[in-house]
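Please walk me through this model in the viewer, one selection at a time. Tell me what to pick and what is there.

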Amino acid sequence: MLTGAALCPATPLLHPAVTGRAAVVPELRAACARAVTQLLTGEPDTVVVIGPAAATGQWDPFGRLDPSVFAPGLPATGHRSLPPALGLGALLLDQAGYAGRRRLQAVGHDEPVSACVRLGRRLSETGTRSALLVMGDGSARRTLKAPGYLDERASAFDAEVERAVRAGDLGALQRLDQRLAHDLMATGRAAWQVLSGAWPGQGNDAEVLYCDAPFGVGYLVAYLRPSAASTPHR
Amino acid sequence: MSAAAPGGSRELRHPGVLRLGRREFPAGQLVVMAIVNRTPDSFYRPGVTWDPAAALERVHEAVAEGADIVDVGGVPARPGDEVDAKEEIRRTIPFIAAVREAYPELIISVDTWRHEVGREACAVGADLLNDTWGGWDSRLVEVAAQAGIGVVCSHAGRLPPRTRPYRVSYDDVVSDVLNVTLSLASRAIAVGVEPDRILIDPAHDFGKNTWHSLEITRRLGELVATGWPVLVSVSNKDFVGETLDVPVDDRLAGTLATTAVCAWLGARVFRAHHVRETRHVLSTISVIRGDVPPARVVRGLA
């Protein structure tokens with residue numbers, strides 16, 4: 001069964017070593033820390049980190065992000081780095097002091113909705129008490145200064161994600177258009193659809209802890225717990 | 001290693017902390033020494049800090065811009081009207097006392113070759129004697145030892161104070177710089193100066209033509225390899241001017257380029273007119289070297 005889900009962006013800015021001497025976005029880091037802390041209060045047996053990557057697959061649960069892939073000059077870990085989204089999820093768990101079981105699940109950027117939903121369903125049917133830490137970003141085309149420049153459709157796309165999460169209406173995430181998400185550089189799409197497959201119910205208790213695009217990329221931090229009325233997969 | 005070449009007694013060191021006043025500067029930290037001249041006729045912006053109020057204002061500005069040390073001088077390096085010890089004291093000592101009162105923690109250096117001036121400066125709180133003329137007055141370093149303060153050991157090509165180089169030649173200028181500065185450092189230790197309070201300075205332009213100053217810049221690593229903290233004083237100097245064929249008011253870029261090279265090669269203290277620009281150059285070098293992380297990084301990482 002699922003004990004809860006946390007949504008965090010997969011921005012390298014969460015890593016304290018890569019932003020130099022400034023925290024850059026301390027409020028975002030604090031929101032992620034809070035979401036993960038709340039996730040762990042559900043006392044899961046396993047935390048499943050779901051993050052977009054080149055291909056679908058599982059990664060070594062003891063793996064970590066090597067920050068020197070972003071910041072050469074920093075000391076390298078000496079081990080192969082996890083894909084950034086999973087590595088940042090692992091970092092958030094480390095920062096929260098979580099030492100329990102983890103599963104690091106990559107979902108391919110180009111995985112169609114149906115495959116994402118199927119993967120999510122499988123993750124929810126493992127029989128253990130699982131918490132999901134879903135690492136994903138909204139559009140990287142929110143503003144003129146955004147990494148992908150401005151696309152007028154970006155704000156509406158991110159707003160729909162925010163609406164669905166705020167309403168605890170995770171089933172709606174299955175309707176996100178894969179092609180549009182690709183055009184908008186919204187790399188969270190596949191991970192969110194895995195979440196939706198794992199937990200398609202409506203009316204969950206949701207708390208949005210951060211929702212902004214300070215550098216033109218949509219960042220959403222939220223925590224969801226099953227409410228009495230909801231029907232998460234068991 | 002060239003630093004171990006023959007020629008007088010030599011003290012090599014492991015690069016370590018530099019102690020000045022009550023402050024400690026670890027090996028990776030790059031330090032700015034701001035020039036404050038109490039002279040009416042210095043080569044760069046003559047007389048700009050001749051007025052005591054203007055000079056103190058200059059100190060405020062330098063501190064605000066990131067200077068860790070101020071270097072107070074009362075006699076121009078170039079030949080000119082006689083400035084005797086009494087006049088040098090009159091120019092510098094009340095001013096040093098005023099700076100000390102305004103800034104209890106600021107490192108105050110005194111640019112002098114005279115032990116009489118050094119002694120008066122110690123009495124009003126100086127932390128460092130910048131003996132630019134390379135031990136001309138052998139008692140100066142004894143004053144530093146007695147006061148428990150630091151000293152800069154410079155290579156002035158054995159020229160008397162306030163003289164210009166005239167057809168100077170060296171078999172190897174770097175070797176001579178090493179011989180002189182390390183001998184001076186050994187003597188400083190022998191008379192009781194704390195080793196952690198000793199710097200060496202190749203003294204660009206002093207007893208050197210432009211070729212010589214360029215060579216000591218190029219080979220500064222050989223001085224750094226001695227382990228002594230190296231001070232460089234290149235700001236607006238003639239070798240920069242001759243390198244570019246530009247007058248004294250157009251030497252900032254050349255000065256900063258030279259500063260960057262010296263920092264990259266391991267110099268630790270930088271005597272400068274332009275504190276803010278020098279600070280920025282040194283911060284950039286520290287970050288490129290990886291000694292300090294960049295201030296704030298977002299580009300490409302959002």
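A salt bridge here is a side-chain nitrogen of Lys or Arg within 4 Å of a carboxyl oxygen of Asp or Glu. This is a predicted model, where local features need pLDDT of at least 70 and side-chain atom pairs count only at pLDDT 80 or more, while totals for chains, interfaces and linings use all residues. Residues are numbered from 1 along each chain as its sequence is written, chains are lettered from A and ligands numbered from 1 in the order in which they are written, and side-chain values use heavy atoms, with hydrogens and water left out.

**Stop 1: chain A salt bridges**

Select D158(A) and R142(A). Their side chains form a salt bridge, 2.7 Å from N to O. D158(A) sits in helix α4 (residues 154–166) of chain A and R142(A) in the loop between β5 (130–135) and α4, so the pair ties together parts that are 16 residues apart in sequence. Helices (H or I, at least four residues) and strands (E, at least two) are DSSP runs, numbered from the N terminus.

Are these two buried or exposed? Buried means under 20% relative accessible area, exposed over 50%, and partly exposed in between (1.4 Å probe, protein chains only). D158(A) is buried at 10%. R142(A) is partly exposed at 23%.

Next, select R102(A) and D94(A). Their side chains meet in a salt bridge of 2.6 Å, N to O. R102(A) is buried, at 11% relative accessibility. D94(A) is partly exposed, at 31%.

**Stop 2: a bridge in chain B**

Select R100(B) and D127(B). The closest N and O atoms of this salt bridge are 2.6 Å apart. The pair links distant parts of the chain, 27 residues apart: R100(B) is in helix α2 (residues 85–102) of chain B, and D127(B) is in the loop between α3 (115–123) and β6 (128–131) of chain B. R100(B) is buried, with a relative accessible area of 17%. D127(B) is buried too, at 11%.

**Stop 3: helix α6 of chain B**

Select residues 210–218 of chain B, which make up helix α6. Buried residues here are T210(B), H212(B), S213(B), E215(B), I216(B) and T217(B). The buried residues of α6(B) pack against α5 (173–191), α7 (220–224), α8 (238–244) and α9 (252–265) of chain B.

N209(B) caps the N-terminal end of α6(B), with a side-chain oxygen 2.9 Å from the backbone nitrogen of W211(B).

Then show D172(B), E215(B), R218(B), R219(B) and E222(B). Salt bridges link them in a network. Over all chains, the whole structure has 31 salt bridges.

**Stop 4: where the chains meet**

Show both chains. How many residues of chain B are in contact with chain A? Contact means heavy atoms within 4.5 Å. By that rule, 10 residues of chain B are in contact with 13 residues of chain A. Buried area is the accessible area (1.4 Å probe) that two parts lose on being put together, summed over both. Between chain B and chain A it is about 950 Å², of which carbon and sulfur atoms give 64%.

Select R296(B), L301(B) and A302(B). These residues supply 55% of the area that chain B buries against chain A, more than any other three residues.

**Stop 5: confidence**

Color by pLDDT, the predictor's confidence in each residue, from 0 to 100. Chain B averages 94, and 96% of the residues score at least 70. Residues 1–8 of chain B stay under 50. For the complex, the predictor gives an ipTM of 0.88 and a pTM of 0.89.

Note on methods: Polar contact = N/O pair within 3.5 Å; in protein donor to acceptor, adjacent residues only side chain to side chain.
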